Each structure stands twice: as C-alpha cells, then as structure tokens.
Amino acid sequence: MEFVELARGGGVPAHVQIERWLLESIARGEIAPGDRLPGERELAARLGVSRMTLRQALATLEARGVLVRTQGRGGGAFVAEPRVECDLTGLAGFTERMRRAHLTAEARLLRARTRRAPPEVAAALELEPAAPVHEIARVRSAGGSPVALELSFFPAVLLPGLLREDLGGSLYDLLAARYGLAPSRAVEHLDPVVATHEQAAELDVAPGTPLMRIERTAYAAAGVPVEHARDLYRPDRVRLTVRT
C-alpha cells in the first residue's frame, strides 16, 4: 500500500485528499475487502495529518459504506465488502435481482408452515380473518454472506401443496410455473428499522444494526394478491435503487 503525499495549500482539504487516495487504492486492488487499515496513530503520522483530520476522512468513507469501523481489541477500520446493486424498479424477486448483479442467490430456509393469517396479512391478501396462509421465512445470501431476511405469506387456498415444493430457489418462478400466478405488480413500502437479537443472529450483524425493511404486497395479472412480504436488507451489503 503506497502512501500519498498530500498537497498543501492547493485548495483541496486534506481529508478529501485522504478519501480520494483510499478510494483509488481500493480501486487498484492495493487494499481489498476485509483488509484492515493501519492504526489511526500510524496512518496519521505517515500522511502527516492530525488524527482529527484522518478521522474526518474515515468517517466520510464509513458513511458511504466504503469502510467499516469496529471498536475493541482487534478493531479498527476495515475495507467493506462492495454493496450489491439491488434494483427495485419493476417486479423481480431476490433471485432475479442477484442474477442482474451477476451474483448467485442462495436461500436458507428458517421455517415453512401453514397458519392462521395475522390481521394485517389477511387484510393485505384480501382474505377472511384468520384464513390459512403459508408462511415462509428464509435467509438470502449473495457472494457467500447473508444480505436479507425474507418473511412471506401466501394464500393457502390459491396455492395448495406449496410447502411440498422446493423452496430453495425463486418463489416467484414457482408461483408462475406451478400455479400460473406470476406476480405482475406490487406495492412496496420502505422503512428504516434496527435489527432485533434474533434478526441480527440470522444476518450476522450486531443487535441494533440499521436495516432497511421492504413491506410488499404482490398481485397476479388478474389483480389477485398472491404474496404479502416483509423483507429486511443489510444496507452495508445492498444498495437499493428505484428508477423513475
């Protein structure tokens, strides 16, 4: 890792020069995802800046998701894994979105059961109160690390035998091929939340970590609701995009 000689009095603040140098070092492959930067004292000394100036640069890159900083023994500033571009424009499931990003989607099934619909699920799926629904919870991974926690509900009356199918791939493809009910449109709501202890354990993050929740109701071509879902995404691993 080659250290940059900062320009003095050139109009570009030192912390901005440090940010650019680190970004260029990552782009050239001199430092890779997971690599730990030198300690603050050493790094500031090698660059000839104060620790306050260095911290300003590191904080900016952390906010942009380029670096991850941890405390305690073994802590420090680490190069973050690159975020997956997840395009919410149109209607595509996780598997298709990862395919577009040239990644292989993986699924780990947490539970699959038929239960009475909670009131909000019954309302979203336009079912009678406590009507039977299939509940499927999965951890979705890309590039070998967990990026999302999916919780989906499907009307049991429309999808008999769903839980006996292979639930390790695209559920949207399954709805289309097995039942002729491919989702064609959806209404989605995005909200920031924090991870509970249970969610954090599944997503390999600390409790209280910020997550992005997408609550979605998907409809088949005839306007019949076929899924109500609540997906939780790790914003440090996924960048959500909507094109208008």
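**Close-up 1. Salt bridge between arginine 69 and glutamate 62 in the predicted model**. The side chains of arginine 69 and glutamate 62 form a salt bridge, with an N to O distance of 3.1 Å. Arginine 69 is partly exposed, its relative accessibility being 26%. Glutamate 62 likewise counts as partly exposed, at a relative accessible area of 32%.

**Close-up 2. Salt bridge between arginine 178 and glutamate 165**. In this pair the closest N and O atoms are 2.9 Å apart. Arginine 178 belongs to helix H6 (residues 171-179), whereas glutamate 165 is located in the loop between strand S6 (145-155) and H6, so the contact ties together parts that are 13 residues apart in sequence. The relative accessible area of arginine 178 is 42%, which makes this residue partly exposed. Glutamate 165 is also partly exposed, with a value of 27%.

**Close-up 3. Network of Arg111, Arg113, Arg115 and Glu135**.

**Close-up 4. Salt bridge between arginine 28 and glutamate 24**. The two side chains meet at an N to O distance of 4.0 Å. By the same criterion, the count for the model comes to 18 salt bridges, including the pairs arginine 69 with glutamate 62 and arginine 178 with glutamate 165.

Conventions
Residues are numbered from 1 along each chain as its sequence is written. This is a predicted model: local features need pLDDT of at least 70, side-chain atom pairs count only at pLDDT 80 or more; totals for chains, interfaces and linings use all residues. Side-chain values use heavy atoms; hydrogens and water are left out. Buried means under 20% relative accessible area, exposed over 50%, partly exposed in between (1.4 Å probe, protein chains only). Helices (H or I, at least four residues) and strands (E, at least two) are DSSP runs, numbered from the N terminus.
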